[in-house]
Amino acid sequence: MSDNRWKTAFEPYRAKTIEPLGESTEIEREELLRQCDYNLFRIPAEKVIIDLLTDSGTSALSAEQRAGLERGDESYAGSRSWLHLESTVRDITDMREIIPVHQGRAAEHLLFSELGDEGKRIVSNGLFDSTRANILAAGAEPWEIPILEGLIFERNDPFKGNIDTLSLEAELKQNGDNVPLVVMTITNNSLGGHPVSIRNLRDASEICRHYKTPFFLDACRYAENAFLIQQREPGAGGRPVEDIAREAFQLADGCWISAKKDGLSSTGGVLALRDQDLAQRLREHLIVVEGYPTHGGLAGRDLECIALGLRESLDESYLKHRIGQIEAFAKGLRDIGVPIIEPPGGHAVFIDASAMFPDLSIDLHPAATLACEIFRTGGIRGVAISAPVPRRRPGQADVSRMELVRFAIPRRAYTQNHLDFIIEVLEDILRRASAVPGLRRLDSNEHVNHFGARLEPAG
Ligand code: F0G
């Protein structure tokens with residue numbers, strides 16, 4: 001990978017432990033879809049051949065991490081593995097107060113039950129489902145103000161994950177007392193996995209400092225975001241990814257990281273803060289719902305695995321391969337005419353299901369239809385995303401919906417051949433797209449999220 005003379009981008013690792021793929025025939029999958037009410041969350045994973053439902057908790061572990069699992073210190077308090085994780089997170093984030101949690105949303109629950117409240121508004125470039133749900137559960141209001149370009153799928157801007165700084169400033173000026181924190185999600189998963197530029201992070205941080213509003217990062221893909229800054233942002237070219245990531249954290253007052261993404265681990269997460277009083281209050285809550293503050297409900301082996309994973313994900317040859325793999329996958333899909341969100345981001349490729357099935361109305365669920373058709377045809381599982389386009393300006397109504405299928409790529413798990421097979425399956429579906437019947441919702445409550453959806457073919 002270090003030699004630029006060759007154009008073949010091969011994996012900067014070799015397999016030592018392997019796991020057979022799931023197996024199923026098309027006839028079996030057709031029957032399974034019927035049995036599972038066309039809800040891919042209910043399909044037994046062993047029937048899925050290539051599983052791109054999520055990049056969360058699905059990474060392959062390194063030999064070092066496997067050794068770390070053996071070394072994990074299971075002492076209840078002050079374990080060696082905890083101290084290893086604490087010092088690693090301090091080093092990466094430059095924050096002192098480190099709190100372990102069992103996964104990202106536990107950090108969100110702690111934070112928003114402390115800071116969110118009736119009448120409060122959490123301002124963000126884009127919130128993941130669990131973040132939004134935790135804000136709502138605390139009685140506060142999610143307020144997403146991505147840049148306009150971020151909402152136009154075919155635009156090729158490098159940092160479509162950015163926050164609209166003019167709207168941010170206006171919001172804090174008018175309503176600052178009601179905004180307990182601003183959250184920047186890096187990368188911006190809900191809107192296509194796009195990165196946020198270091199410039200935008202600096203600007204947003206400065207605005208927050210001016211209005212004395214705490215500035216937080218939802219940083220579960222911090223390494224991918226930093227690498228995309230290095231690749232795409234003028235002036236960042238020669239800068240080590242670790243430096244870029246550290247600057248992003250230095251701009252913030254706090255952050256949380258789901259270790260299931262760039263932590264390269266099966267579970268876990270951390271909250272990191274500068275405010276000692278806030279950290280103390282969160283730890284008191286942590287003891288009640290998660291565990292003692294030096295394990296947060298995690299086993300010592302998990303703490304050890306996360307400490308190692310958080311560093312491994314900053315390895316530049318790993319990142320170069322990972323982002324290159326996603327770009328090659330996106331190019332393959334683009335070249336055969338599959339409409340994708342451009343440009344591909346750090347962890348996934350998103351297909352615009354409405355554009356792929358232009359004859360299907362929204363009530364025939366283009367995203368779920370495409371996700372099921374991909375599974376039926378090739379045994380590949382992506383995730384259907386059907387969500388309102390976030391409000392752009394205060395007062396503007398949520399009118400249109402995004403109908404997307406996301407292929408999230410597990411880290412270090414699949415090779416280009418697996419992804420090439422998916423492109424072949426999509427080519428087959430594209431040829432007969434107009435003949436694919438849509439899906440009708442069976443459950444009466446349209447607001448039930450995709451985990452509970454029950455559907456059937458409309459045709
Ligand atoms: N924030 C972002 C941006 C996420 O993508 C996720 C999870 C979370 C927070 C919550 O972390 O799962 O550890 O509780 N995203 C996964 C996904 C589930 O498939 O995108 P968690």
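## Close-up views of the predicted model

**View 1. The loop between E7 and E8 holds Leu264.** In this predicted model, in which residues are numbered from 1 along each chain as its sequence is written, local features need pLDDT of at least 70, side-chain atom pairs count only at pLDDT 80 or more, and totals for chains, interfaces and linings use all residues. Side-chain values use heavy atoms, with hydrogens and water left out. Leu264 is not a glycine, yet its phi is positive, near 50°. Its relative accessibility is 0%, so Leu264 counts as buried (buried means under 20% relative accessible area, exposed over 50%, and partly exposed in between, with a 1.4 Å probe and protein chains only). The flanking elements, like every helix (H or I, at least four residues) and strand (E, at least two) named here, are DSSP runs numbered from the N terminus.

**View 2. Strands E7 and E8 pair in the antiparallel sense.** Strand E7 covers residues 254–258 and strand E8 residues 269–273, and five bridges join them; two strands are taken to pair if DSSP finds at least two bridges between them. Within this pairing, Trp256 has Leu271 of E8 as its bridge partner.

**View 3. An open sheet of seven strands has mixed pairing.** The strand order is E2-E8-E7-E6-E5-E3-E4. Strand E2 (97–101) and strand E4 (141–144) are the edge strands, each pairing on one side only. From one strand to the next, the twist averages 20°, with axes taken as lines fitted to C-alpha atoms, for helices over the stretch in contact, and angles running from 0 to 180 degrees between N-to-C directions. Helix H6 (residues 165–175) lies across strand E3 (121–124), E4 and strand E5 (182–185), and runs at about 160° to E3; contact here means heavy atoms within 4.5 Å.

**View 4. The ligand is surrounded by 17 residues.** The closest of these are Thr54, Arg105, Asp218, Ser258 and Arg406, where a residue is near a molecule or strand if one of its heavy atoms lies within 4 Å of it. An N or O atom in the side chain of Arg105 is 2.6 Å from an oxygen atom of the ligand. For Ser258, a polar side-chain atom lies 2.7 Å from a ligand oxygen atom, and for Arg406 a polar side-chain atom likewise lies 2.7 Å from an oxygen atom of the ligand. A polar contact is a pair of N or O atoms within 3.5 Å; within protein, one must be able to donate a hydrogen and the other to accept it, and residues adjacent in sequence count only if both atoms are side-chain atoms.

**View 5. Two cysteines are shown in a structure with zero disulfides.** A disulfide is a pair of cysteine sulfur atoms within 2.5 Å. The closest cysteine sulfur to that of Cys208 belongs to Cys255 and is 15 Å away, too far for a bond. Cys220 is in no disulfide either, the nearest cysteine sulfur, that of Cys255, being 11 Å away. Both side chains belong to buried residues, with a relative accessible area of 1% for Cys208 and 8% for Cys220.

**View 6. Cis peptide bonds are found at Ile186 to Thr187 and at Glu342 to Pro343.** The bond from Ile186 to Thr187 has omega near -15°, and Thr187 is found in the loop between E5 and helix H7 (198–210). The bond from Glu342 to Pro343 has omega near -20°, and Pro343 lies in the loop between helix H12 (316–335) and strand E9 (348–352).
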